[in-house]
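Below are my notes on the nonpolar packing and the charged pairs. Please read them alongside the coordinates.

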Amino acid sequence: MVGPPLEALGPLLRGHRHAAGLTLEELAEASGVSDRAIGDMERGHSRGPQARTVRALADALRLSSEDADRLLGVARQGRRRAYQENSHDRGLCDLPPLIQDFVGRSGELAWLARGGDGDAGARAAIVSGGPGLGKTSLVVQAGHQQAERFTDGRFYINLRGLDPEPLDAHDALGRLLRAFGVLERDLPADRDERAVLLRRLVRDKSALVILDNAADEAQVRPLLPGEGWCTFWVTSRRALTGIEHARRLSLTPLPVEAATALLTAITADRSHRGTAAVTADSTAAAAATAFERIAELCGGLPLALRIAGNRLVSRPAWSAANFANRLAAEDLRLDRLAAGDLRVKSAFTLSYEQLTRPARLLFRRLSLVPGPDFDAALGTVLTSLALDEVEQMLDELIELGLLNPVADGRASFHDLVRLYAHQRLAEEETVEAREAARTAMITWLLNTAQAAGQWFEPGITPTLAPGGLVELTDHHTAQIWLRVESANWFAALQDAAATGRHRTVVDVAQSTHYFSDRWRYWGHWHTVFELSRTAAHALGDPVLEATHANYLSWAYAACLRQPQAALALAFEASELAQAAGDTVQEAWSLTYAACAWRHLDMHEEIITEVERAAELFAAAGDREGRSKALFNVAMALRARGRFQESLAAFDRVVDLVTDPRTAPAPWIADITAMNALSEGARALLHLGRWQEAKEAADRALALDSRVGVPALHGEASLSKARALWGLGARTEARRVVQDAIHSFTSAGDTHHTDEAKAQQQQWSRRCHVVEREVS
């Protein structure tokens, strides 16, 4: 038989307080009961306070004996009901079941196992990461694996941090205290008193407490221990950076090998079809390849992998290859990563709904960024929000795991999160709003790329970066921006070319041309100058077309090492320039042809033809071109074995670029001088003039702080190392050649990296032979 419903203490007490005309603080002062304890009673957090507490409240409220007895009776019923429920509370904190097909995370499991070993203090570890990364699965698995370590028990509580109303710390403390054996009637009404009691209880216990899905620091902090041996593991989508004295583990997606293994485990363990869960695939190898592709399409996200595995198990007729093809469609991938009530989108939505409206706008529009990462400046362009506001929101998105932190204050999406953001963009914003944001981004990227490139153009006064969102104050800051944002401005340039913005394409390519020589191994210059040559042709300007055909010739020769294609482009530029009567571009075509001729060992052509180019440059007053042409002649003389003549030619180049009367723009003068000194050192090496070669290399390296081109640093270092070896300073030579290898590697110059490594290996063999002979 069911008894009458339990009357609630909270509303009854609140009604008496209002009738008495007292505030919480006034009732607390009159009764001697804390205002927090009274508030907990009124909110229902404390259903059965002790009789003495209730009498003190009744006296302060000046209740009649009938009302006082009723208040005492309701509190007594609350204590009785809580006592009856207490026997069930321990079970409410049991660990979730062991995950039978758990795969991977061996490093993370070991990290949790190591936590606090040998420390006589309480251990708190925070496991954070974005949605779907398997934080709960990890700590639950570790808790089961380490059962013998925690002799006083393992306890789990879901803090429901992403719910509209997360579990209150007061209630969480009550659950934990009851799990540790405290009866309901002995629970303090005050939250702080509960926290003190919990710390006392766990001080000497070898127990594990898992606080799963924490909302924020305020929710977690009262639940953490002080001194003692109890271990607390906290999981959260937020990093909880405000929690002090905690070990931290930030989860990342599974690597492809582990992700593939997880898929295999899910399908093998749950499928009645045997160990090969995808027998529809023709071979085991085909299934393995398909599994790897699925793992990549899921981005290594454990939730997505589990859903994919479950869908394969529930669809016996599907092959893994077929399912991989279904997932390949980006616009449908998220919808197809759903199995029953498991949905990747739902996990992302929980985080998305934690955001403010401006942060949601930023999150959605960042999905328009074409490159792999971005910063606050791009976010400002896309949203028109203030830069400092966007910086704070980026931190919030990273904190919630919706973005990944990247070096230098930049951030990136997980592939699936980007798809989710793009879906929300399509669902929540009009076509016009989306296109306006995208256009603003592309325009800003191209204008800023042009402004940055102008720092390297001779005779150009650089313009300010549009919008004042980035500081372009010198060659160094301009170079950093062009490199860091390269994927984004390059994609914007391709967009401009595809939409017929020919003048913009030409202007951006022109402004980045001189910079390209500082970063020749980027890998995309041939595309940049192919786009600009095509745009120049569309504009109907033959001189402009010749100019950009010359740039493209350089890219094929210097970047791609395709001399035949480079030579054809140089000849094309020469014909265009001659037809237009432009002697400067004609001279440049001969100079760029020299790059191709050098790779083809056609050095006599360089000596004869490029001398003529130098004369044309001199007549036109083009200082940059003249020094470049004469440098090519010096290189050809050295290649022909005419070392003394080449030295004179290299010295002539250095004199030209260091004499104020003939010097080009300062940074071009520096880079040309460094090049000539470094290559001149090689000529001296051929002549066995080791000391002079070392001095020339040192002069080249002295310019490195102003030039800042790793490949040139590597070439000068390699020449210096060889000179040192010739001087007998073999230990120093081996150190310097290692520096050269590092520079070539950072520049992406594989050709010279191989040359330097071969030299290093040769010297190592020689040293080994000498050591063996001595011994």
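**Core packing and salt bridges**

1. Setting aside neighbours within four places in sequence, Ile-294 is in contact with Leu-263, Ala-308, Leu-312, Ala-320, Phe-323, Ala-324 and Leu-327. The model is a predicted one, and these contacts should be read as such.

2. Ile-294 belongs to the largest nonpolar core, which has 176 residues. Phe-363, Leu-366, Trp-481, Trp-489 and Trp-525 join Ile-294 as the residues with the most contacts inside this core. Another core, of 29 residues, lies apart from it and includes Leu-167, Ala-179, Leu-187 and Ile-243.

3. The whole structure contains 37 salt bridges. One of them joins the side chains of Arg-17 and Glu-42, at 2.7 Å from N to O. Arg-17 is in helix 1 (residues 9–20) and Glu-42 in helix 3 (residues 35–43), so this pair ties together parts 25 residues apart in sequence. Glu-42 counts as buried at 7% relative accessibility, and Arg-17 counts as buried at 9%.

4. A salt bridge also links Glu-604 and Arg-640 (3.0 Å, N to O). Because Glu-604 lies in helix 29 (residues 603–620) and Arg-640 in the loop between helix 30 (623–639) and helix 31 (643–658), the pair ties together parts that are 36 residues apart in sequence. Glu-604 is partly exposed at 35% relative accessibility; Arg-640 is partly exposed at 48%.

5. Arg-689 and Glu-692 form a salt bridge of 2.9 Å, N to O. Relative accessibility is 27% for Arg-689, which counts as partly exposed, and 36% for Glu-692, which is also partly exposed.

6. A network of salt bridges links Arg-364, Arg-365, Arg-424, Glu-427, Glu-428 and Glu-429.

Note on methods: Residues are numbered from 1 along each chain as its sequence is written. This is a predicted model: local features need pLDDT of at least 70, side-chain atom pairs count only at pLDDT 80 or more; totals for chains, interfaces and linings use all residues. Side-chain values use heavy atoms; hydrogens and water are left out. A nonpolar core is a set of buried Ala, Val, Leu, Ile, Met, Phe, Trp, Tyr and Cys residues joined through side-chain atoms within 4.5 Å. Buried means under 20% relative accessible area, exposed over 50%, partly exposed in between (1.4 Å probe, protein chains only). Contact means heavy atoms within 4.5 Å. A salt bridge is a side-chain nitrogen of Lys or Arg within 4 Å of a carboxyl oxygen of Asp or Glu. Helices (H or I, at least four residues) and strands (E, at least two) are DSSP runs, numbered from the N terminus.
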